[in-house]
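Hi everyone, thanks for coming. Let me put the model up on the screen, and then we can walk through it together.

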Amino acid sequence: MKNEVKINEVSSATLKGRREFLKISGLVVASTGLIMMGCNDDDNPAADDKFPGVRNGKFDLGGNDLGVLSYAYALEQLEADFYTKVVNASNFTTTFNASERQVLTDLYYHEVIHREFFKTALTGALPNPSVQLLPNLAFSYGSLNFNSRNEVLATAKALEDTGVAAYNGAGKLLTNPDYLLLAGKIVSVEARHASAIRSLINPNSADFAGDDVINTTSGLDVVKNPSEVLPIAGGFITTSFTAQFLP
């Protein structure tokens with residue numbers, strides 16, 4: 001038998017104008033009725049030793065499809081935590097103008113929705129989520145001043161660009177087409193985030209699709225493997241975990 005976690009369509013009756021729509025649209029998979037399939041206790045998780053879980057005293061992300069989604073969950077935890085701190089900073093309303101606050105608040109809602117989606121979906125799909133679900137991570141931003149426009153936007157740019165490259169690199173690791181569809185839908189939102197942040201930093205320029213992230217020959221975005229992304233994210237994540245099965 002398999003567990004099924006169905007993401008139900010959001011009724012239009014629950015949307016209250018543009019602000020509510022943007023909150024919900026951050027989880028573009030919400031309207032797809034996507035079903036994530038996982039094992040239950042009747043299956044044999046030992047047949048796949050690459051499930052997420054504790055190995056040698058540390059949580060390891062694993063290497064199967066659910067391991068790849070756990071990797072995405074770790075990145076969404078980071079982005080959600082960052083934007084939560086941004087919008088709750090003491091001088092948020094004076095550091096950013098009204099249009100900038102709207103963009104940053106929208107991004108906050110999107111990332112929180114992404115994080116909670118992965119948590120709920122993985123809880124339902126993992127054979128033993130009590131030990132296989134990535135725990136809530138802790139973060140540190142060092143000397144970052146959340147009341148500095150330049151510092152916040154520079155960090156947001158780094159996180160969003162890295163997030164897009166991470167999803168681009170994770171796609172080839174997925175074997176389940178439903179999971180690939182999920183990754184594709186979320187990375188499209190992350191790419192919009194990256195463009196929005198770049199436009200805030202340098203308005204009315206081509207930086208929203210800069211040559212540093214778009215290959216001028218292929219027209220494709222940057223791709224990074226987990227082994228390239230995790231050291232960058234690890235600059236902010238203080239919870240120790242491993243990813244020994246991910247390239």
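I'll talk about a cavity and then about a pair of helices.

First, the ground rules: this is a predicted model, where local features need pLDDT of at least 70 and side-chain atom pairs count only at pLDDT 80 or more, while totals for chains, interfaces and linings use all residues. Residues are numbered from 1 along each chain as its sequence is written, and side-chain values use heavy atoms, leaving out hydrogens and water.

So, how many cavities of 30 Å³ or more are there? The count is one. By cavity I mean a set of points on a 1 Å grid over the protein atoms alone where a 1.4 Å probe fits but cannot get out. The largest cavity has a volume of about 50 Å³, taken as the space filled by probe spheres set on the points, which are joined across faces, edges and corners.

Its lining residues (an atom within 4 Å of a point) include Phe-118, Tyr-167 and Ala-183. Helix H2 (65-87) and helix H6 (149-170) each supply at least two lining residues; helices here are DSSP runs of H or I, at least four residues, numbered from the N terminus. H2 gives the most, with four residues.

Now stay with H2. The axes of H2 and helix H7 (residues 177-201) come within 12 Å and cross at roughly 25°; axes are lines fitted to C-alpha atoms over the stretch in contact, with angles from 0 to 180 degrees between N-to-C directions. H2 and H7 are therefore roughly parallel, the word for angles under 35 degrees. In contact (heavy atoms within 4.5 Å), Leu-69 and Tyr-83 are among the H2 residues, and Leu-182 and Ile-186 are among those in H7.

Methods: 1 Å grid on protein atoms, 1.4 Å probe; cavity = no way out; pocket = protein on both sides within 12 Å on 5 of 7 lines; lining within 4 Å. Parallel < 35°, antiparallel > 145°, perpendicular 65-115°, else oblique.
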